[in-house]
Amino acid sequence: MIDEATGRASAPVDADFDNAAVHHLTVPEEAFDGDEELLLRLDWTGDVGRAYVDGRLVADQFWYGPVWEIGLRRFRDEVVQHGLELRLLPLGPDAPVYLSPEVRRDVGPGGLVELRSATLVPVTRTVLTAAQA
């Protein structure tokens, strides 16, 4: 997105996500068995992604290459009941951001948006405590 007043790249507004690619993900309750954090690891390509739980924005990311990880444990009850909705905006062919030539080559006239995988990954949590000096 280009801010017309400054001519600079800017973040999309809420209304831009009305036409986003939408993916609904279901997370089974048993995925939360144990005390581990549960990461949702998203391998995707696009411009900007938003994650919603029961209509509430819980995470967002500008795509830059690595997977997007969202910790789900804090949303456990809501995620089990409602699932998670992803809204991904396509990266346009004229996006005013640097992209390596390999990626830029894959952007067609309609843009590039792809969710290649969504994986649940349990991660052991470690609690650190400060010692008195």
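Student: What share of the 133 residues in the chain is buried?
Tutor: This is a predicted model, where local features need pLDDT of at least 70, side-chain atom pairs count only at pLDDT 80 or more, and totals for chains, interfaces and linings use all residues. Residues are numbered from 1 along each chain as its sequence is written, and side-chain values use heavy atoms, with hydrogens and water left out. Buried means under 20% relative accessible area, exposed over 50%, partly exposed in between, with a 1.4 Å probe and protein chains only. For this chain, the buried share is 33%.

Student: In which order do the elements of the chain run?
Tutor: Helices (H or I, at least four residues) and strands (E, at least two) are DSSP runs, numbered from the N terminus. The chain has two helices and seven strands. From the N terminus, the order is β-β-β-β-β-α-β-α-β.

Student: Which strands stand at the edges of the open sheet of three strands?
Tutor: Two strands pair if DSSP finds at least two bridges between them. The sheet has the order β5-β2-β7, with antiparallel pairing. Each edge strand has a single partner, so one side of each lacks a neighbour in the sheet. The edge strands are β5 (68–71) and β7 (114–123).

Student: Which residue in β7 stands opposite Leu40?
Tutor: Strand β2 covers residues 37–45 and runs antiparallel to β7. Nine bridges join β2 and β7. Opposite Leu40 stands Leu120.

Student: Where is Asp54 found?
Tutor: Asp54 is a residue other than glycine, yet its phi is positive, near 50°. Asp54 is found in the loop between β3 (48–53) and β4 (56–62).
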